[in-house]
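Dear colleague,

I am handing over the structure we spoke about, with the sequence alongside it. My notes on what was found in it follow below, and I would be glad if you read them with the model open.

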Amino acid sequence: MSYVDGFVLAVPKANLDAYKKMAQMAGIVWKEHGALAYVECIGDDVPYGEVTSFPRAVQAKDDEIVVFSWVVYESRESRDAVMAKVMADPRLNGDLSTMPFDGKRMIFGGFQPFMEL
């Protein structure tokens, strides 16, 4: 069964074009190194919840939009190998201070699917 990395982050609306450009390159790199799928989604219906929500989770500000992304791999072992290659790829080794979003507020994690239909 496959393995999935998930990401949620807040991107300033003014930086959305720069984020899309960065995401395009990231997707190319992930796929070249063996990811089966790479998906980036811009929040369209993500209300601010009273207790918890996507915007709350990433401390989204009024001028930011929530982005939800995921990468699919063959397996956890494949993910670990792909991730090592991605992290070593110089195309993604930019200056963290020039990122089009605040990486400190990004949420990410690896998930083992229990059902695929």
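**Surface and overall build**

The protein exposes about 7,600 Å², of which carbon and sulfur atoms supply 58%. Please keep in mind throughout that this is a predicted model, and that every value quoted here was computed from it. Buried residues account for 37% of the 117 residues in the protein. As for charge, the protein carries 12 positive and 17 negative side chains, and the centres of these two sets lie 4 Å apart.

The protein contains 3 helices and 4 strands, and read along the sequence these follow the pattern β-α-β-α-β-α-β. The radius of gyration is 15 Å, close to the 13 Å that the globule rule gives for 117 residues, so the protein is as compact as a globular protein of that length. Along its principal axes, the C-alpha trace spans about 40 × 35 × 20 Å. Among contacts between residues at least 6 apart in sequence, 82% join residues at least 24 apart.

Strand E1, residues 3-12, is mostly covered, with 10 of its 10 residues buried. In a regular strand the side chains alternate between the two faces of the sheet.

Which strands does E1 pair with, and in what direction do they run? Strand E3, residues 64-73, is joined to E1 by 10 bridges, and the two run antiparallel; within this pairing, Tyr73 in E3 is the bridge partner of Tyr3. Strand E4, residues 107-111, is joined to E1 by 5 bridges, again in an antiparallel arrangement, and here Gly6 stands opposite Gly109 of E4.

Ile107 has its place in strand E4. The C-alpha atoms of Ile107 and Gly6 are separated by 8.0 Å, although the two residues are 101 residues apart along the chain. Leaving aside neighbours within four places in sequence, Ile107 is in contact with Gly6, Phe7 and Val8, and also with Ala57 and Val58.

Gln59 is found in the loop between helix H2 (54-57) and E3. The phi angle of Gln59 is near 50°, which is a positive value in a residue other than glycine, and at 55% relative accessibility Gln59 counts as exposed.

Val86, by contrast, is found in helix H3, residues 76-88, and is buried, with a relative accessible area of 1%. Which residues does Val86 touch, not counting those up to four places away in sequence? They are Val29, Trp30, His33 and Leu92. The C-alpha atoms of Val86 and Ala35, which are 51 residues apart along the chain, are separated by 9.9 Å.

With best regards

Terms used: Residues numbered from 1 in each chain as written. Predicted model: local features only at pLDDT ≥ 70, side-chain atom pairs only at ≥ 80, totals over all residues. Heavy atoms only, no water. Rg over C-alpha atoms; globule rule 2.2 N^0.38 Å. Buried < 20%, exposed > 50% of the residue type's maximum accessible area, 1.4 Å probe, protein only. Contact = heavy atoms within 4.5 Å. Areas by Shrake-Rupley, 256 points an atom, 1.4 Å probe, with all protein chains shown as cover. Lys, Arg positive; Asp, Glu negative; His and termini not counted. Charge placed at Lys NZ, Arg CZ, Asp CG, Glu CD. Pairing = 2+ DSSP bridges.
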